[in-house]
Amino acid sequence: MIYFDNSATTQVYPEVLKTYTEVATKIWGNPSSLHNLGSQATRILEASRQQIAELLGKKSEEILFTSGGTEGDNWVIRGIAFEKAYSGKHIIVSSVEHPAVKESALWLKSQGFEVDLAPVDEAGYVDLQALEGLLRKDTILVSVMAVNNEMGAVQPIAKISEFLADKPTISFHVDAVQAVGKVPVETYLPERVDFATFSGHKFHSVRGVGFIYAKAGKRLQPLLTGGGQESDRRSTTENVAGIAATAKALRMTLEKEEVGQKRLRAMKEVIVEGLQTYQDVTIFSPMENAAPNIITFGIKNIRGEVIVHAFEEHQIYISTTSACSSKAGKPAGTLIAMGIPQKLAQTAVRVSLDEDNDMGQVEQFLTIFKQIYNQTRKVR
């Protein structure tokens, strides 16, 4: 089996699974309980929070745990909007955001907020001049993802930070779900960023655990109310085993980040060079300022799902585009925002690599691709 769908989810590291199992079986008390089992759980919870904060160069009180990226994005977008509604109701998100961000912003329109979608260029990068031109006196939030999940474009977070530097009343949120281990931390967490969203299963932790970075002093309304957990900002019993596993997964991922990125770039280059030799192949992903693990391409006149299933017959697993929307049969939203015609966009498939993949798998992928390409000659 060859698994090339790592932007959808990653395999849990064995060491991370071991941590999860040990904590779940040995330290299973509720952190809110006053007895010793509860105290043990609290110590694990806070140690994990501290470790994550140190790995990202932040303070422990700036890390808040969630169930994953979708909850984190919803919480930040809605929480900031309602917290700051007294000073303005204008929000800007890029046109290529994950649905967890875009749909949350669009839902806010039904609640009386105004939302602008910042356009992107033909390569999928946010148009900085257009984004800056959308800013208004009543703008309260700008949200731009760090790494696009469909094309791999690394968005200019540092440059956006520069023109927001003198606008402290505007909260700046970054969806960093696809960024961990793929680009340096400073790429997605420069000082001007107020909030950032993370999901553990994208970097080899268990599913159902994530966290947000919320800069000290920045406020957002709770998404969940109740028992007062997470400093009274997210009330629900914490998934201590999952949180401990996520802290370990983050440490392991960042420890081998530099070597891993080199491996990813090398594999991506071989795949791209191989695909470029075929006349009826379109490579949609940008080659510069892009994540080292994502290649999105299409075969002329062949729908993406056909290619996905053709590879699956050889036990090679890729995706159409975003795993969250691929079953809906819709073309990649990012491609449409880039101005790609819908018929061409519907051919798109995504290969997303992991540092644990190898060149042998890459060569096998290209061998099978040649077979599939030849089989589609008549349709092309």
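## Before you start

Because this is a predicted model, local features need pLDDT of at least 70 and side-chain atom pairs count only at pLDDT 80 or more, while totals for chains, interfaces and linings use all residues. Residues are numbered from 1 along each chain as its sequence is written, and side-chain values use heavy atoms, with hydrogens and water left out.

## The whole chain

Let's begin with the big picture. The protein chain holds 14 helices and 12 strands; helices (H or I, at least four residues) and strands (E, at least two) are DSSP runs, numbered from the N terminus. Its C-alpha trace spans about 70 × 50 × 35 Å along the principal axes. For 380 residues, a compact globule would have a radius of gyration near 21 Å, and the chain agrees, with 21 Å. That radius is taken over C-alpha atoms, and the globule rule is 2.2 Å times the number of residues to the power 0.38.

Of the 380 residues, 57% count as buried. Here buried means under 20% relative accessible area, exposed over 50%, and partly exposed in between (1.4 Å probe, protein chains only).

Which residues of helix 1 are buried? They are Val16, Thr19 and Val23. These cover an arc of only 60° around the axis, which puts them on the same side of helix 1; the arc is that of the directions from the helix axis to the C-beta atoms. On the other side, Pro14, Lys18, Thr25 and Lys26 are exposed.

Among the buried ones are Trp75, Val76, Ile77 and Ile80, along with Glu71, Asp73 and Glu83.

## The nonpolar cores

A nonpolar core is a set of buried Ala, Val, Leu, Ile, Met, Phe, Trp, Tyr and Cys residues joined through side-chain atoms within 4.5 Å. The largest has 57 residues, and Tyr188 and Phe198 have the most contacts inside it. Elements that each supply at least two residues of this core include helix 2 (36-56), strand 7 (195-199) and helix 9 (240-255). Helix 9 gives the most, with 7 residues. Apart from this core lies another, of 29 residues, among them Leu275, Ile316, Leu366 and Phe369.

Leaving aside neighbours within four places in sequence, Phe198 is in contact (heavy atoms within 4.5 Å) with residues including Leu56, Val177, Tyr188, Phe211 and Tyr213.
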